[in-house]
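Notebook open, model loaded. I want to go through the sheets and then the core.

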Amino acid sequence: MIKNIVVKLVLITLILAVIAIAGLLISGQVTGTNKIEELISAVKNLINPDQEQETVNSGPLEIQYNDKVLVTLQNSATFTLKSKTELKESSSAKYQFNLSQRPKDEDPYYWYVVKINNIGVGEFNIVVVLEDVNGSAGEITVKGQRDAYTLPFGLTEISDWDTFSYTADGDSLRALVDKQNKLPLDYEPKQLVDVNKDLLLYTNSSLPILVTAETGDALKVMAGDLQRELNKNLVIASGYRSYLDQYRTYAGWVRQYGQDEADKVSARPGFSEHQLGTAVDFVDQETGFDLTNNFENGAAGRWLMENAHKYGFVQSYPAGKDSETGYQHEAWHWRYIGIENAKEYKDSSLTLNIWLSQNR
Ligand SMILES: [Zn+2]
């Protein structure tokens, strides 16, 4: 009896697996070149379609990209794509395809940024043709949606800075993001934690404030030590901001002060360190919970200037360095770059963006 049930169960499982694989074959997610791990991940994807998975595309090219729909408010959108072989750069009226990073010891991929141009409001569906330097060809389909969004008067789109290149690897603690170096729209940190709910730290927002798990660990230790030494609480005013959040933030500044003034105090979308999930803005009670440079004259601000690097945090926009950093001084804005990097950086007496450009 029990034997019978086991046999039946095994049969049912086998039949289900065959159906699942057949489904994948029909939907084109599986080809003869797929490895077993990819098959497992594809089956998982089928069972749990909401889960975001990295997709390994079929065909002679080994390509990886984030399998998700791009949502944009602009008439262009960017995403990253990795390849084990070098691909030919190309461009058409619909898209531009450019090399952003060559393979390194710790990262054996070529990174590309694909920019989709001239997106109208509504859904879009564009086929990007790829060819490697040996002549193997493949293609990927990019799906997305552009939401309608009203920009401040006189502005039809938020353009990029005139001369910039893409900094593809946002996961690197040494990622350079400034007015010359941009993150693609689809860059999101892998593991984010809620500084209030997960780390039990103070925030001044009713909305969740997120940072990367590694940043959060360092932040928790630093805020704890500061509290013990000063008997004061460090309050976190902002952390991770997605490309779209930054788009809305920047547009808000333009609406209030005009574009020239906005550019001195706010990053355009893709150009913000907050998209990395490693940048945090601090406030405290002493300075009225405001984002103010007066923060550095208070006890917590002075303590950070003295100690933050020991926990891996450094200031991105120091006083009197506007021409190097591109931004006015921000005493409240700190970025986690890791303890070793922070010590090295502190000894350099450079601004963070210049140090990163020399130490990527
Ligand atoms: Zn900030």
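This is a predicted model: local features need pLDDT of at least 70, side-chain atom pairs count only at pLDDT 80 or more; totals for chains, interfaces and linings use all residues.

Entry one, the five-stranded sheet. I traced this open sheet and got the order β13-β15-β16-β18-β17, with mixed pairing. The edges are β13 (202-203) and β17 (313-315); each has a single partner strand, so one side of each has no neighbour in the sheet. Next I looked up how β17 sits against β18 (residues 333-336): the two pair in the antiparallel sense, over three bridges. Within that pairing I found V314 opposite R335 of β18.

Entry two, the core. V314 turned up again here. I looked up the largest nonpolar core and it has 70 residues, with V114, L219, M222, F282, F313 and V314 making the most contacts inside it. Where do its residues come from? At least three are drawn from each of domain 2 (63-149) and domain 3 (181-358). I then picked L219 and listed what it touches: leaving out residues up to four places away in sequence, L219 contacts V195, L199, L201, V211 and V280.

Entry three, the three-stranded sheet. This one is open too, with mixed pairing and the order β3-β9-β8. I checked its edges and found β3 (70-72) and β8 (122-131), each with a single partner strand, so one side of each is left without a neighbour in the sheet. From one strand to the next, the twist averages 30°.

Which way do β3 and β9 run? They run parallel, and three bridges join β3 to β9 (residues 137-146). For L70, I noted G144 as the bridge partner in β9.

Conventions
Residues are numbered from 1 along each chain as its sequence is written. Two strands pair if DSSP finds at least two bridges between them. Helices (H or I, at least four residues) and strands (E, at least two) are DSSP runs, numbered from the N terminus. A nonpolar core is a set of buried Ala, Val, Leu, Ile, Met, Phe, Trp, Tyr and Cys residues joined through C-beta atoms within 7 Å. A residue is buried if 20 or more other C-beta atoms lie within 10 Å of its own, exposed if 12 or fewer, and partly exposed in between; C-beta atoms are placed from the backbone. Domain bounds come from an automatic or database domain assignment. Two residues are in contact if their C-beta atoms, placed from the backbone, lie within 7 Å. Axes are lines fitted to C-alpha atoms, for helices over the stretch in contact, and angles run from 0 to 180 degrees between N-to-C directions.
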